[in-house]
Amino acid sequence: MPWDTSRKFTSLCICSFILIRQVTLVEVLVFNLVQDVINSYVIVGKSMEEVLCIYYTTEMLYMLETLHDVGIIHGDFKPDDLLVRYSRDDLSEDGFEDRTGSWGDQGLCLVDWGKGIDLHLFPDDTEFEGDCRTSGFRCIQMQENKPWRFQVDTYGLCVIVHLMLHNSYMEIEKKATSDGGYIYLPKKPFKR
């Protein structure tokens, strides 16, 4: 992975990625977790500003796209496994789109690889069974005892976004569709 991408997948001080086969050093700074940011809004009775939610969501989507493209499942994608990285320099519009300059140090960093899965260690199209047993982060496949793969990470991202917008964990309901199938929807309506 290029250096600018690997900054999103490190631990607080030093972490050996057996799965990604690299060692990355990161300066230890004062970090907050995304969970801390969410809690700071809960304390004052507000929800996160949508523009900040969009920024963090974009960061998380990029992380999962990058991981899944190289065959890695994090397996425990939740707000207390995401460090908020702050730039030392003032931010400007310059460098935002390509994450250069001071924007290269700004964003999120994914930690806690204890449940990570390297799909290269398994036959193609392997699916997994089992339950992460993390309340609020059990994907639909886990809830219904079905095989899963990347769904565990994607569902975790959806729960985090729900937390940022609503200050509560996402509850889902299964609804019938007109074609005889079904769809899962959050019980709480989307903000408008």
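What share of the 192 residues of the protein chain count as buried?

1. **Overall burial.** The answer is 44%. Note from the outset that this is a predicted model. The accessible surface of the protein chain comes to about 11,200 Å². Carbon and sulfur atoms hold 54% of that surface.

2. **Layout.** The protein chain has five helices and nine strands. Along the sequence they run α-β-β-β-α-α-β-β-β-β-α-α-β-β. Turn next to the contacts with a separation of 6 or more: 57% of them join residues 24 or more positions apart.

3. **The nonpolar core.** The largest nonpolar core has 40 residues. Those with the most contacts inside it are M48, Y56, M60, F77, L82, I160 and M164. Several elements give two or more residues to this core: helix 2 (34–43), helix 3, strand 4, strand 5, strand 6 (107–110), helix 4 (140–143) and helix 5 (151–166). Helix 5 gives the most, with nine residues. As a rule, nonpolar side chains in soluble globular proteins tend to be buried together.

4. **Helix 3.** This helix covers residues 50–69. G71 follows helix 3, with a positive phi near 80°.

5. Leaving out residues up to four places away in sequence, Y56 touches V37, M48, V84, L108 and M164.

6. **D76, a buried loop residue.** D76 sits in the loop between strand 4 (72–73) and strand 5 (82–85). Is D76 buried or exposed? Its relative accessibility is 8%, so D76 counts as buried; the cut-off for buried is under 20%.

7. **The surroundings of D76.** The side chains of D76 and K78 are joined by a polar contact of 2.8 Å. Beyond four places in sequence, D76 touches D81, D112, K115, T134 and D153. G116 is 40 residues from D76 along the chain, yet their C-alpha atoms are separated by 7.6 Å.

Definitions and conventions
Residues numbered from 1 in each chain as written. Predicted model: local features only at pLDDT ≥ 70, side-chain atom pairs only at ≥ 80, totals over all residues. Heavy atoms only, no water. Helix = DSSP H or I, 4+ residues; strand = E, 2+ residues; numbered from the N terminus. Buried < 20%, exposed > 50% of the residue type's maximum accessible area, 1.4 Å probe, protein only. Contact = heavy atoms within 4.5 Å. Polar contact = N/O pair within 3.5 Å; in protein donor to acceptor, adjacent residues only side chain to side chain. Expected span 1.5 Å × (residues − 1). Areas by Shrake-Rupley, 256 points an atom, 1.4 Å probe, with all protein chains shown as cover. Core = buried A, V, L, I, M, F, W, Y, C linked by side-chain atoms within 4.5 Å.
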